[in-house]
Amino acid sequence: MKQNEYDELIDSLVDSVKDYNLDDSFDHYDAIHEICGNCNYSFEYYRSWQLVNFVRFDMYDNGEKIQLFDEVEIEVKDNGHNTDDVNLDDIILSYAFNILRFATLKKYEESQVKEEVA
């Protein structure tokens, strides 16, 4: 995965949130959770591995390492499920889902702030 592919993926997920009818019973958090859960990067092993490897090893902003992977790692460790019968692929799927969720939520909230200011 390359930076432009990652950016396009997150942008498309953010755009998908706008297609939902959001209200008090189903807000943007719910929409993002559903959208990211249905994204093939969160349930196909090959794509999940690509995403996690990119975010872990190759994601920089102006030469500085992005802390997204570290945030996701804490989330998975703190809120992970029972790991007795879990293989490495399952862990990667969990990381991939949370990467998508964190990145989409952050970008969506940034877009909302820009709209409010404009």
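**Reading helix packing and ring pairs**

In this predicted model, H3 and helix H5 (residues 88-117) pack at an angle of about 60°, with their axes 9 Å apart. Local features need pLDDT of at least 70, side-chain atom pairs count only at pLDDT 80 or more, and totals for chains, interfaces and linings use all residues. Residues are numbered from 1 along each chain as its sequence is written, and side-chain values use heavy atoms, leaving out hydrogens and water.

Q: Which residues of H3 and H5 make the contact?
A: Two packed helices are described by the angle between their axes and the distance between the axes. Contact means heavy atoms within 4.5 Å. Here, H3 contributes residues including Trp49 and Val52, while Ile92 and Tyr95 are among those of H5.

Q: How many residues of the contact of H3 with H5 are nonpolar, polar and charged?
A: Ala, Val, Leu, Ile, Met, Phe, Trp, Tyr, Cys and Pro count as nonpolar, Asp, Glu, Lys and Arg as charged, and the others, Gly among them, as polar. This contact has 12 nonpolar, 1 polar and 2 charged residues.

Q: How many aromatic pairs does the structure hold?
A: Rings of Phe, Tyr and Trp (its six-membered ring) pair if their centres lie within 6.5 Å; planes under 30 degrees apart count as stacked, over 60 as edge-to-face and the rest as tilted. The structure holds 3 such pairs. For Tyr6 and Phe54, the centres are 5.5 Å apart and the planes at 40°, so this pair is tilted.

Q: Are Tyr6 and Phe54 buried or exposed?
A: Buried means under 20% relative accessible area, exposed over 50%, partly exposed in between (1.4 Å probe, protein chains only). Tyr6 is buried at 5%, and Phe54 is buried at 3%.

Conventions: Axes fitted to C-alpha atoms, helices over the stretch in contact; angles between N-to-C directions. Helix = DSSP H or I, 4+ residues; strand = E, 2+ residues; numbered from the N terminus.
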